[in-house]
Amino acid sequence: MNIADSAIPLLRPLAGLLSPSGLRACLSILIFHRVVPEPDPFLPGDPDAARFRWQMQTVARLFNVLPLSEAVARLADQTLPPRAACITFDDGYADNVEVALPILSELKLPATFFIAVGYVNGGIMFNDQILETLRRVPAGEVDLRCVGLPPESVDTMAQRYAVAAKIIRAVKHLDAAEREDRVQALAEQSPEPLPTDLMMTTAQLQRLANSGMEIGGHTQTHPILMSIADNQACEEIAGGREILQSWLGQPVRLFAYPNGKPGQDYAPRHVDMVREAGFTAAVSTVPGVSTHHSDKWQLARFTPWDTTPLRFAAKLVRNLT
Ligand SMILES: [Zn+2]
């Protein structure tokens, strides 16, 4: 911690004013995806272990961190402590167990992990297929006809990452089956097989649950719910919950909408499906905080990101305003 970071505790009274206890309480819910062992230029938005450690230390200095299920219950009965916060992870990356869990356990911070069950045990999500292919393709020019783009040079790491980001944008909203075909064709340009250990195994998932962390549903294949038929959406939501419960031997009560923007990624009918599937609360990716008046089926969440503890702390406090 440098001298500027010693100012972080000075932000705590401000956070307490903005996030008091009881009737006027508000809840901050943070989103993470991956926590990588070392800095990775291909994953600029995801912290490495060292950064995640100071991020969690900063959260612990400013907030009272609760399990999400407890926070939802206390939000409803107006008994939330001041400066209440929850930590959540989406998708089910193996590094959540191998890198983040030891840090969370050491700092005694509870967290909730939302798992897309279709990728557990060796799967890979389309965005990772693209990133991991672009990491591996030979330097020079890469043929991108399969994803409907002109060829690009990939001589530097920065170029590789920029091309991967461009491909992700180009295919993100395609029909899932078509996207899978196109991304699979791209992946065939990798000179070696793509990794099969990015996502958790069931053993890792069980280890996470046994260590006291909460597990939530995040569908089976992470579709944009708005773009699939209602019977499919129901199966994604309810079927994903059943699979998780069979692995864990315990009820799964929390849900996170894939991508999470209301009106864009999910609609009110999907909120009904989540309720009917047996979940008791759900989270979106609308930034901000939740209060007693918030819809517990669409709780706000945000991704705090910055490069120094003080700036990160300022983002956490600014989210309260
Ligand atoms: Zn997700």
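Trainee: Which residues does the domain assignment give to domain 1 and to domain 2?

Mentor: Keep in mind that this is a predicted model. The assignment gives 3-121 + 197-318 to domain 1 and 126-187 to domain 2. The centres of the two domains, taken over C-alpha atoms, are 29 Å apart. Five residues from domain 1 and seven residues from domain 2 make the contact.

Trainee: What makes the side of domain 1 that touches domain 2 nonpolar, polar or charged by class?

Mentor: Count the classes: that side has four nonpolar residues, one polar residue and no charged ones.

Trainee: How do you know whether the radius of gyration of the chain agrees with a compact globule?

Mentor: Set the value against the rule. For 321 residues, a compact globule would have a radius of gyration near 20 Å, and the chain has 20 Å, so the two agree. Along the principal axes, the C-alpha atoms fill a box of roughly 55 × 50 × 35 Å.

Trainee: How many helices and strands does the secondary structure come to?

Mentor: The chain has 11 helices and 10 strands. Let's look at some helix pairs. Two packed helices are described by the angle between their axes and the distance between those axes.

Trainee: Why is α5 called roughly antiparallel to α6?

Mentor: Helix α5 (residues 126-136) and helix α6 (residues 157-171) pack at about 150°, and their axes are 9 Å apart. Angles over 145 degrees count as roughly antiparallel, so α5 is roughly antiparallel to α6. Their crossing is right-handed.

Trainee: Which residues meet there?

Mentor: From α5 come N127, I130, L131, L134 and R135, and they meet R160, V163, A164, I167 and I168 of α6. By class, this contact of α5 with α6 has seven nonpolar, one polar and two charged residues.

Trainee: What makes α5 roughly parallel or roughly antiparallel to α7?

Mentor: Again, start from the angle. α5 packs against helix α7 (residues 176-187) at about 20°, with the axes 9 Å apart. Angles under 35 degrees count as roughly parallel, and therefore α5 is roughly parallel to α7. The crossing of α5 and α7 is left-handed.

Trainee: Which residues of α5 and α7 meet?

Mentor: F126, Q129, I130 and T133 of α5 meet R179, E180, V183, L186 and A187 of α7. The contact of α5 with α7 has five nonpolar, two polar and two charged residues. Notice I130: this residue is listed in the contact with α6 and also in the contact with α7.

Note on methods: Residues are numbered from 1 along each chain as its sequence is written. This is a predicted model: local features need pLDDT of at least 70, side-chain atom pairs count only at pLDDT 80 or more; totals for chains, interfaces and linings use all residues. Axes are lines fitted to C-alpha atoms, for helices over the stretch in contact, and angles run from 0 to 180 degrees between N-to-C directions. Helices (H or I, at least four residues) and strands (E, at least two) are DSSP runs, numbered from the N terminus. Angles under 35 degrees count as roughly parallel, over 145 as roughly antiparallel, 65 to 115 as roughly perpendicular and the rest as oblique. A crossing is left-handed if the near helix is turned anticlockwise from the far one by less than a right angle, and right-handed if clockwise. Two residues are in contact if their C-beta atoms, placed from the backbone, lie within 7 Å. Ala, Val, Leu, Ile, Met, Phe, Trp, Tyr, Cys and Pro count as nonpolar, Asp, Glu, Lys and Arg as charged, and the others, Gly among them, as polar. Domain bounds come from an automatic or database domain assignment. The radius of gyration is taken over C-alpha atoms; the globule rule is 2.2 Å times the number of residues to the power 0.38.
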